[in-house]
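Please look over the sequence and the model shown here before reading on. The briefing that follows takes up a helix pair, the surroundings of a ligand, and a few individual residues.

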Amino acid sequence: MNAIVLEREVCAQNYAPMPIMLSHGEGVWLTDVAGVRRLDMMSGYSAVSLGHGHPRILKVLNEQAKRLAVTSRAFHAEPLGPFLAKLCAVAGQEMALPMNTGAEAVETAIKAARRWGHKVKGIPDGRARIIVADNNFHGRTTTIVGFSSEASYRDGFGPFAPGFDSVPFGDAAAAEAAITPDTAAILIEPIQGEAGIVVPPDGYLAALRALCDRHDVLLILDEIQSGLGRTGRWFAHQHEGVTPDGLIVGKALGGGVYPVSAFLSSRRVMQLFGPGSHGSTFGGNALAAAIGHEALRVIEEERLVERSAELGAYMRERLTAMTGGLASEVRGRGLWIGVEIAEGAGDASEIVARLADAGVLTKETHERTIRFAPPLTISREELDWGLERCESVFATRER
Ligand SMILES: *Cc1c(COP(=O)(O)O)cnc(C)c1O
């Protein structure tokens, strides 16, 4: 049986993958079972920011797996402390709670916010509320999809956890108007990824920071996709010079090979987690810690943040020029650009299929936006190769 047919037979159809069966990846390149090589401009939603099979990540993966991998945190393992020290240092936070997937780290942030609200701010127990943004994406647990505005994420999955208030993204006044004495936190993505790489107006994060200070509310940023160099800074919030009270990271932290996520905050907030309050069998295991630590070193030593800023500006300029008649907007920061296809200029998914035929793998988000997010390790020559292919596809679409 054909492997795609087999997969359709036995794997839940909660995704609709392109009919391309990949067999190996190296750097920015993905090769299918027929031997066709394509440029990865999707990077596993930023999980593969270091490219496929980064030699330093593979070395650590192999060495640490042979030595010690999973023990649970019932015992100490050497790699965890140094990893989290490095993570806290690059993030400007004091302590971290390690988890595996992004959604788990978001759940950790929600628990931290609620516990802080009840035990520090003095909100009556069970009443803490969290303000979120319309069109957010924070993962797929029942609590998280409960405050999503996307019908397909929610349909039939209720009842949902209460305690969330959603306000328009980019509107600090709306967030302030939603604050009540029971508000513990504002939880947002500094740039909304799944919504279509939506960049808020300048000053939005700084305004949220100020109103959180004013109302004694925690500002928690989900940088699972925007963090670790994707936007041309270590974290997207650094574009506005704000420091969040809580920070959520994941995706690229796993070096493209392993799920590694974390919630970071101050000692003051993190001390609210004592033994028994929260946990994860795999979270913070020796293998995860060694890989996460190496991923941070690679980003730093290969200057991937700077590369994202430089090549991102270049990519955006060229994409803007080549999509002139087709795009209603080209937006983003660093190597993270959304091209919004204008109304009546065709279907984003159809263009994505044509790009794949031309040798560039990407993915639409919602119906109208095509995302371009190559690994941050991409070279200028590789990027040029991809952009030329994009140009040929967009040129034939021009009206
Ligand atoms: C991908 C993503 C998540 C969820 O991460 P998972 O590892 O899929 O659970 C949460 N928040 C943001 C902003 C994301 O992009």
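Helices (H or I, at least four residues) and strands (E, at least two) are DSSP runs, numbered from the N terminus. Axes are lines fitted to C-alpha atoms, for helices over the stretch in contact, and angles run from 0 to 180 degrees between N-to-C directions. This is a predicted model, in which local features need pLDDT of at least 70 and side-chain atom pairs count only at pLDDT 80 or more, while totals for chains, interfaces and linings use all residues. Residues are numbered from 1 along each chain as its sequence is written, and side-chain values use heavy atoms, with hydrogens and water left out.

**Helix 4 and helix 11**

- Helix 4 (residues 80–91) packs against helix 11 (residues 286–301) at an angle of about 35 degrees, and their axes are 8 Å apart.
- The contact (heavy atoms within 4.5 Å) involves Leu80, Pro82, Phe83, Lys86, Leu87 and Val90 from helix 4, together with Ala289, Gly292, His293, Leu296 and Glu300 from helix 11.
- By class, this contact has 7 nonpolar, 2 polar and 2 charged residues, where Ala, Val, Leu, Ile, Met, Phe, Trp, Tyr, Cys and Pro count as nonpolar, Asp, Glu, Lys and Arg as charged, and the others, Gly among them, as polar.

**Ligand surroundings**

- An oxygen atom of the ligand lies 2.8 Å from a polar backbone atom of glycine 102, and a backbone N or O atom of alanine 103 is 2.8 Å from an oxygen atom of the ligand.
- A nitrogen atom of the ligand is 2.6 Å from an N or O atom in the side chain of aspartate 222.
- Taken alone, the ligand exposes 380 Å², of which the protein buries 81%, with areas from the Shrake-Rupley method and a 1.4 Å probe.

**Backbone features**

- Most residues other than glycine have a negative phi, and most peptide bonds are trans.
- Serine 43, which is not a glycine, has a positive phi of about 55 degrees, and this serine 43 is placed in helix 2 (residues 43–46).
- The peptide bond from glycine 158 to proline 159 is cis, with omega near 5 degrees, and proline 159 sits in the loop between helix 7 (151–154) and strand 6 (164–167).

Methods. A polar contact is a pair of N or O atoms within 3.5 Å; within protein, one must be able to donate a hydrogen and the other to accept it, and residues adjacent in sequence count only if both atoms are side-chain atoms.
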